[in-house]
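Work through the exercises below with the sequence and the structure in view. Try each task before reading its solution.

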Amino acid sequence: MIEAKYVSGTKTVAEIQDEIQADIIGYRESTSQYSAILFFAYDTRGELAAHTELHRVIKEQQSVADFIVVVGPAPPAKVKPKRAEC
């Protein structure tokens with residue numbers, strides 16, 4: 001099973017870790033059809049990639065095969081078109 005996370009905004013690393021751990025528990029308790037979970041995170045802030053403690057904690061969880069983080073840019077902000085003044 002692959003779980004994908006998109007990391008942006010103001011969530012802290014601790015909040016993200018709590019979400020991932022809640023997901024692990026939910027998958028383990030809800031079904032036994034998955035033998036392993038692979039976590040993939042797209043990190044627009046670059047915080048998760050360097051956070052080795054988070055990687056260690058997640059990878060030590062039962063049923064977690066790996067925790068992969070890719071750092072990339074956030075999508076461009078949407079700009080409202082200016083109204084023409086007459």
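**Exercise 1.** Find the one aromatic pair that the structure holds, and describe its geometry.

Solution. The model is predicted: local features need pLDDT of at least 70 and side-chain atom pairs count only at pLDDT 80 or more, while totals for chains, interfaces and linings use all residues. Residues are numbered from 1 along each chain as its sequence is written, and side-chain values use heavy atoms, with hydrogens and water left out.

Step 1. Rings of Phe, Tyr and Trp (its six-membered ring) pair if their centres lie within 6.5 Å; planes under 30 degrees apart count as stacked, over 60 as edge-to-face and the rest as tilted.
Step 2. Y6 and Y42 form the pair, with 5.9 Å centre to centre and 10° between the planes, and are stacked.
Step 3. Y6 belongs to strand β1 (residues 2-7) and Y42 to strand β2, so the pair ties together parts 36 residues apart in sequence. Strands (E, at least two residues) and helices (H or I, at least four) are DSSP runs, numbered from the N terminus.

**Exercise 2.** Give the order of the strands in the sheet.

Solution.
Step 1. Two strands pair if DSSP finds at least two bridges between them.
Step 2. The open sheet has three strands in the order β1-β2-β3, with parallel pairing.
Step 3. β1 and β3 are at the edges with a single partner strand each, so one side of each has no neighbour in the sheet.
Step 4. Strand β2 (residues 37-43) and strand β3 (residues 64-71) are joined by seven bridges. F40 stands opposite I68 in β3, and F39 has F67 as its bridge partner there.

**Exercise 3.** Describe how α1 and α2 pack.

Solution.
Step 1. Helix α1 (residues 13-30) and helix α2 (residues 52-59) have axes 11 Å apart, at an angle of about 10°. Axes are lines fitted to C-alpha atoms, for helices over the stretch in contact, and angles run from 0 to 180 degrees between N-to-C directions.
Step 2. The two helices are therefore roughly parallel (under 35 degrees; over 145 is roughly antiparallel, 65 to 115 roughly perpendicular, the rest oblique).
Step 3. V13, Q17, I20 and Q21 of α1 meet L54, V57 and I58 of α2 in this contact (heavy atoms within 4.5 Å).
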